[in-house]
Every structure is written in structure tokens, then in C-alpha cells.
Amino acid sequence: MRIDRLLANQGIGSRSEVKALIRSGAVKVNGETVRDPGAPVDELRDAVELRGETLTYRKYVYIMMNKPAGVLSGGGGVPTDKTAAMLLPAAYAKFDLSPAGRLDKDSEGLLLLTNDGDFVHDTISPSKKVKKRYFIRVGGELTDADREAFEAGIILGDGTALKPAGLEILKAEGGLSEAVVTISEGKYHQVKRMVLARGKRVTYLKRLSIGALSLDMRLGPGEFRELTEEELEIVKSRG
Ligand code: URA
């Protein structure tokens, strides 16, 4: 890859800005100053320094976001819809990030955005049975019979038979409930449709975790950060 492209890909600046930087002598490859913006570099092997600081080439990016309501988790909506990736700084645009498991537009909580296609596949593939936990508020009082029905496997209105799921009822009084649902599939509107199959309606939904990875509760709606090395290990080990 050309050195100017590598630096632009890293978000150092626009192509013309990085060309100027290279010509000014700010960039070294394997300890040698390189002034030709077209000089080839091996992005995985060569040591590239910018003003004395070594750059590490990043192929993959993994972001944890607390998705706010009103934002799509990925593309596919009408052109005026805002997507989660649009909430990120422009430097991430070049990575073309997609969600590893979608959330509805009106849902909140843990959204993983990445350009690692294998990771996305392993997270959403039904065969991997990755557990997802959701906090829900419900119009109607959830009961032990609802919990038992979740545990036995809900049959949706269209006849789809779902795998056994968890329903931990936190509160059920005054015609309202709060609960934590655990599912290992990811069908369209799944949690809302499961609750609907029991004659009640989800009024609020927030994803708390995907596998062993929990949402960082310090992230407010719309806030994000990159996964730490430890978190990446955790999600990749499918703990
Ligand atoms: N289930 C739903 O119904 N909606 C979501 O956003 C996620 C799970």
C-alpha cells in the first residue's frame, strides 16, 4: 500500500494533508525518513512513525455503543434515517462499520459495530447460540405462567416456534411490569413479539448484554467507546 493511503486510512488527515506531512519529513518507515507520498509500505510488517510516534495499522475496529432510541442500528431505512455509525467521528467512516446484531429503531442499549465480518457472523449466527439479555418495560402484568411459557419456548403469532428463553420478572404491579429477557436467537422484533404472544406489549427495550459482554453503564444514550483487549477476548471466546 502507498504510504499516503495508509496514513489517510488511519484517519491522520485527508490524502492531500498526509502528502504534505510526508513531504515535510514528518514520517519515517523503518527508521528512514520517507518524503515520497507514493512510497510503498507493507502495512503489517513495516514500522511507520509519525513525528517519532509509531503507528499501528488497524484492520479491525470494534465499538460498543449505547444506541439511543430514534436511530437505526444499520442501513436499510429511508435516506433521512440516522444510523448508529453516523454518531461516530468522521475518522471511523472509512472502516465501513456494521452492527453485530441489530436493534429496532425505538430500542436502546448495547450495539456492537465492527468491520470484522467473521465476528458479525459468529455473533448473529443461530448455530452459535449467543445469549442476549434485554431489560423491558411492559404494559400489563407479567406472571409466573408467562415465565413458564418463555422457558418452554414461545410460539409466535405466525406459528414460529422459538427456543426456550429466560424471563426474570423484576416488578409486576399496577398494570405495568419490568423484566429481563434472555434469548439465544435473533428474530425480527423477537422480544416484542414474544411478549405480544402472551397478550402484553413492550413499551421500552434496552439490550444489556451480548454473550459475556455487558453494556458499559457509564455510556449514556448515543455514547460509545472501543472495546478493550480484554473485552474482545471475552466476546471472541464466546463466554
Ligand atoms: N427484540 C426486539 O423486539 N427488538 C429489539 O430491538 C431487540 C430484540
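## The ligand and its surroundings

Domain 2 (62-127 + 216-236) and domain 3 (131-210) both contribute residues to the shell around the ligand, so the ligand lies between them. The model is predicted: local features need pLDDT of at least 70, side-chain atom pairs count only at pLDDT 80 or more, and totals for chains, interfaces and linings use all residues. Residues are numbered from 1 along each chain as its sequence is written, and side-chain values use heavy atoms, with hydrogens and water left out.

Besides these two domains, the chain has domain 1 (3-55). Domain bounds come from an automatic or database domain assignment.

Around the ligand are Leu103, Asp104, Ser107, Tyr134, His189, Gln190, Val191, Lys192 and Leu205; a residue is near a molecule if one of its heavy atoms lies within 4 Å of it. Four of the shell residues are nonpolar, three are polar and two are charged. In this grouping Leu, Val and Tyr count as nonpolar, Asp and Lys as charged. Helix α5 (residues 190-197) gives the largest share of the shell, three residues; helices are DSSP runs (H or I, at least four residues), numbered from the N terminus.

The table lists polar contacts, which are pairs of N or O atoms within 3.5 Å.

| Residue | Atom in the residue | Distance to an oxygen atom of the ligand |
|---|---|---|
| Ser107 | polar side-chain atom | 2.8 Å |
| Gln190 | backbone N or O atom | 3.4 Å |
| Lys192 | backbone N or O atom | 3.0 Å |

On its own the ligand has 240 Å² of accessible area (Shrake-Rupley method, 1.4 Å probe), and the protein covers 96% of that area.

Key: Polar contact = N/O pair within 3.5 Å; in protein donor to acceptor, adjacent residues only side chain to side chain. Helix = DSSP H or I, 4+ residues; strand = E, 2+ residues; numbered from the N terminus.
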